[in-house]
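Hi there,

Here is the structure I promised to send over. Have a look at it first, and then read my notes below.

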Amino acid sequence: MDADVLVIGGGLGGVAAALSVLRSGRSVVMTEEFDWLGGQLTSQAVPPDEHTWVEQFGVTASYRALREGIRDYYRRYYPLTAKSLAAKELNPGAGYVSKLCHEPRVAVAVLESMLAPYRASRRLQVLQPYRPVAASNEGDRVTSVVVEHRDTGDQLTLTAPYVLDATETGELLPLTNTEYVTGFEAQSTTGEPSAPAEAQPLNMQAVSYCFAVDHVDGDHVGDKPANYAFWRNYQPPFWGDRLLSWQAPDPRTLKIARRTFTPNPDDDPLAVVADQRRTGGDMNLWTFRRIAARQHFLPGAYDSDICLVNWPMVDYFEGPVIDVPDAGRHLQAAKELSQAVFYWLQTEAPRPDGGTGFPGLRMRGDLLESTDGLAQAPYIRESRRIAAEYTIVEQDLSVAVRGSRGAVEYDDSVGVGMYRIDLHPSTGGDNYIDVASSPFRIPLGALIPQRVENLLPANKNLGTTHITNGCYRLHPVEWNVGEAAGLLAAFCLDRGVTPRAVRNTPALLSDFQARLVAQGVELSWPAISGY
């Protein structure tokens, strides 16, 4: 199969890349290894992590269309109360992590609707569930990618002038012999204040298998998981208690903090203010990532709120899952951890009334269309990253370093983003690293490999470091990276030039940035301060 552009990986970055290529009049073959498109928003089941100003500015027009499409879906098909139906900035879950917490399946429906016209015209062909297993090169160009059906093992060879790696872990980078890095870089290489003295390529952020729960009458306790005793007694040295407890470090201060858990509070969902500038929102774990607030809906529509469990205690950091021979074992152990957390919640978690366990909790795997109750895919926070023409470093955007100057204003900007540098505990035994950051730009140089000419990153695999990945990995930034990569491939096809030439030729860069702006991509921030 061939097309103008191959998009390998159908997460948020992959979908954004495909849409931008298709809207440029070009054809796309896109692959995805899981049953849902959307990656961290859907198959990984993570509500969007977004910045304070997301309702005003700081995201692309197409990402805003996705967000509004999700809200419109609720307004059309869900039995909202009159007040909730009229809410302009409807937050269906009334979660504190984001101004738009919602059920993953709704995002799947909206993403599919955005792609539907291009499927119908056959300018877009989507291969699911397929994953890349091999690739061919000629010199500094990728000539083909072989993908394999997840269930049958059938293989297809795909070709295109441009190949976009939108996989969650940068799977194409080793397959195409594209130079890349993993884990911590050395401080001597990056100059970053938070970097270690020596490189630690296998020291990577935790992965998590998320799951959804509700709480109703009755006893819904199932069988004890096989490795429950291990996880029940597991205690990281920096945690302050066992991992399965309400105690955990506060990511911003590293002081041990006690979380609370109160199923189905009698709160007003329209009064919830989700603002990461004020607080991380994670002290009450029920409302932290709640994806359905029952009081948004007509009486009787929901028996319970629905809560998405992506909490500190489901972070698995016993070993990396990239570039190691036992990645499968670690992924299975991450699943077992999440299953143990659920059983602990049902049976042993301390309750406010002095008792233990919440036997009324149900795992809502039906909402995630999974066979084991957990998300279809692990939540991957850190990917392989290209060795890029320009590598984004901590001192480019850290508030502690930059102060009132704000982040470095890259002249080759292809978008914007904002989030704190948010690194979860890592496989090398590190605690959280959480650094205030300034609203930043996305430099084109971070999307261009140092050598390979026709492969572009379209996910979390752009030229960041382990440290700056912590703020470039979130939903709207991933979307912007994918959208910019797709537009860059289409622009290069139209002009008969290379991505490297676009960045290094002022007239071409100006024309490309004008195309970005015309498509609704913001290239700079107004005068605002970070947090």
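What follows is a short tour of the overall fold and some of the aromatic residues.

This is a predicted model, in which local features need pLDDT of at least 70 and side-chain atom pairs count only at pLDDT 80 or more, while totals for chains, interfaces and linings use all residues. Residues are numbered from 1 along each chain as its sequence is written, and side-chain values use heavy atoms, leaving out hydrogens and water.

First, the overall picture. The protein has 14 helices and 20 strands (DSSP runs, H or I of at least four residues for helices and E of at least two for strands, numbered from the N terminus). Of the 531 residues, 62% are buried (under 20% relative accessible area, with a 1.4 Å probe and protein chains only; exposed is over 50% and partly exposed lies in between). Along the principal axes, the C-alpha atoms fill a box of roughly 70 × 55 × 55 Å.

Now the aromatics. There are 26 aromatic pairs (rings of Phe, Tyr and Trp, using the six-membered ring of Trp, with centres within 6.5 Å; planes under 30 degrees apart are stacked, over 60 edge-to-face and the rest tilted). Tyr74 and Tyr78 make a tilted pair, 4.4 Å centre to centre with 40 degrees between the planes, and both residues are buried. Trp231 and Tyr316 have ring centres 6.0 Å apart and planes at 65 degrees, so this pair is edge-to-face. Trp231 sits in helix H7 (residues 228–233) and Tyr316 in the loop between strand E13 (306–309) and helix H9 (327–347), so the pair ties together parts 85 residues apart in sequence.

Best wishes
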